[in-house]
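Please keep the sequence and the model in view while reading.

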Amino acid sequence: MTTVDTTAAHGSGPLPSPWRSRRFRLFFTARSASLLADGMLMVSVTTSVLGAGFGATGVGYALAAWMAPIVLLILFGGVLADRFTPQVMMVGADAVRVVAMLVMAALFAGGGVRLWQIMALMAVSGAATAMFQPGLASIVPRVADDIQRANALLRISESMATLIGPGLAGFLVAYWDLAGSFVVIAAAYAVSAGGLLPLRGLASGRDGDEDDAPMWRRLATGWHEFRSRSWLWGVISLWAVYGLFVFGPSLPLGAALLTEQHGATGYGWIASADGLGTIIGGLLGMRVRPRRPLVAGVCAMFFFALNPLAPALGWNFAVTAVTGMVAGCGFAFWGVMWATSVQSHIPLAVLSRVSAYDIAGSIMVIPLGRALAGPVAESFGADRVLLFSSAVSFVLLGAMLCVPAIRGLTRRDRPAADADGYGDGDADADADGESSTGAESKTEQAAVPASGKDAAAAEV
């Protein structure tokens with residue numbers, strides 16, 4: 001057995017609940033704390049930069065300083081997580097973020113803070129996040145037998161943090177002070193590190209032949225594993241276009257139109273309905289186990305295409321709120337299906353690197369989409385831009401269903417792993433969704449028998 005809290009080998013019966021694993025409970029606590037900190041950070045930084053007199057331009061610079069290192073370093077974070085284990089990298093990243101937030105608190109407590117100081121600390125925090133994020137995908141299969149249910153629980157936690165974090169930050173800023181909000185964020189990152197520290201000795205899945213390999217070779221190996229699976233790069237390629245034309249414009253333009261149509265309070269309730277939907281989607285992800293998870297996830301994402309449609313057509317408050325709820329539900333269910341598919345089909349030895357390519361492809365174009373949304377909306381109208389976004393959403397989701405490898409990928413309940421840590425070299429699915437390579441059979445025969453394995457890759 002590869003973990004200390006495994007009590008029985010896998011059989012053919014139902015998989016045990018993730019809550020039976022002490023390691024999953026520790027990881028869930030750690031992940032929930034880091035998500036809460038992430039949810040608070042953007043509100044605290046935005047409020048603090050505006051309060052210091054740097055205006056909206058300063059907010060843009062501060063957020064860009066945080067995002068840029070993530071985009072630039074995420075691939076290296078995946079390499080280092082596979083090299084030194086995700087737990088080591090994630091604890092180190094949390095420690096760096098604790099220090100950065102405490103320094104931020106000290107600067108605001110002392111007064112006279114400068115924009116370059118805020119930007120520097122946000123860049124440090126962003127670099128640490130780039131080291132933290134790729135390892136999430138390769139923790140879940142190490143700490144839970146039931147990967148899908150574990151991902152669903154983590155998705156629910158993410159939804160709760162998204163709802164609670166910004167409100168908590170706003171409350172602290174309003175009724176305490178700016179410095180205090182950063183102290184609380186630092187404490188949350190410290191809780192995350194504390195939950196991850198005991199997770200030593202997880203099955204590494206590392207390949208001994210790579211121990212002395214240079215960085216470029218490790219990156220190349222991760223790229224090979226990524227591009228050898230057409231279902232994987234097919235989804236990410238389409239998802240990048242989705243980020244540019246759907247995710248990018250939907251948030252800023254949708255928020256502006258909904259506030260105009262229903263007022264700030266109405267928009268708040270609609271956003272809350274969306275959050276409720278993500279919780280429902282996570283709960284469905286715990287119970288529904290489709291044979292073809294990506295097909296089910298893509299079908300659920302069709303509901304998300306209604307998200308930009310509601311403000312574009314000016315639907316009434318009740319219909320818009322229901323639309324937000326079903327859109328959030330569809331998005332969360334897709335997230336569970338996607339994370340579970342990646343974690344159960346990619347060998348542990350390269351999972352962090354593959355996850356890094358996944359994250360990079362998913363988030364790199366979203367800032368560009370948001371930057372272009374305003375100018376394009378001024379030329380054509382925000383409602384027309386959102387109508388276009390909704391149409392593109394339907395087209396791209398339909399395109400995913402037309403890709404045989406995506407449509408044919410079948411559920412796997414246990415993570416891929418074989419003797420040398422690698423699995424299906426060229427893992428493209430055949431018409432029935434199963435790999436046609438001999439290595440795949442070897443992978444299934446050597447499936448890891450323990451109740452400790454990996455974590456959901458977060459949509460940024």
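## Aromatic rings

Rings of Phe, Tyr and Trp (its six-membered ring) pair if their centres lie within 6.5 Å; planes under 30 degrees apart count as stacked, over 60 as edge-to-face and the rest as tilted. One aromatic cluster is formed by W231, W239, Y242, F247, F304, F331, W334 and W338. The model is predicted: local features need pLDDT of at least 70, side-chain atom pairs count only at pLDDT 80 or more, and totals for chains, interfaces and linings use all residues. Residues are numbered from 1 along each chain as its sequence is written, and side-chain values use heavy atoms, with hydrogens and water left out.

A pair of aromatic rings is described by the distance of the centres and the angle of the planes. The count comes to 19 aromatic pairs. In one of them, W19 and F28 have ring centres 5.0 Å apart and planes at 70°, so the pair is edge-to-face. Buried means under 20% relative accessible area, exposed over 50%, and partly exposed in between (1.4 Å probe, protein chains only). W19 is partly exposed because its relative accessibility is 37%. F28, at 17%, is buried.

W231 and W338 also pair edge-to-face, at 5.9 Å centre to centre and 70° between the planes. This pair links distant parts of the chain: W231 sits in helix α8 and W338 in helix α11 (residues 317-345), 107 residues apart. Both W231 and W338 are buried.

## Helices α8 and α13

Helices (H or I, at least four residues) and strands (E, at least two) are DSSP runs, numbered from the N terminus. Helix α8 (residues 230-287) packs on helix α13 (residues 366-380) at about 60°, with axes 7 Å apart. Axes are lines fitted to C-alpha atoms, for helices over the stretch in contact; angles run from 0 to 180 degrees between N-to-C directions. α8 and α13 are therefore oblique to each other. Angles under 35 degrees count as roughly parallel, over 145 as roughly antiparallel, 65 to 115 as roughly perpendicular and the rest as oblique.

Which residues of α8 and α13 meet? Contact means heavy atoms within 4.5 Å. From α8 come G243, L244, F247, G248, P249, L251, P252 and L253; from α13 come I366, L368, G369, R370, A373 and A377.

## A positive phi

T85 lies in the loop between α2 (55-84) and α3 (86-110). Phi of T85 is near 80°, a positive value in a residue other than glycine. T85 is partly exposed, with a relative accessible area of 22%.
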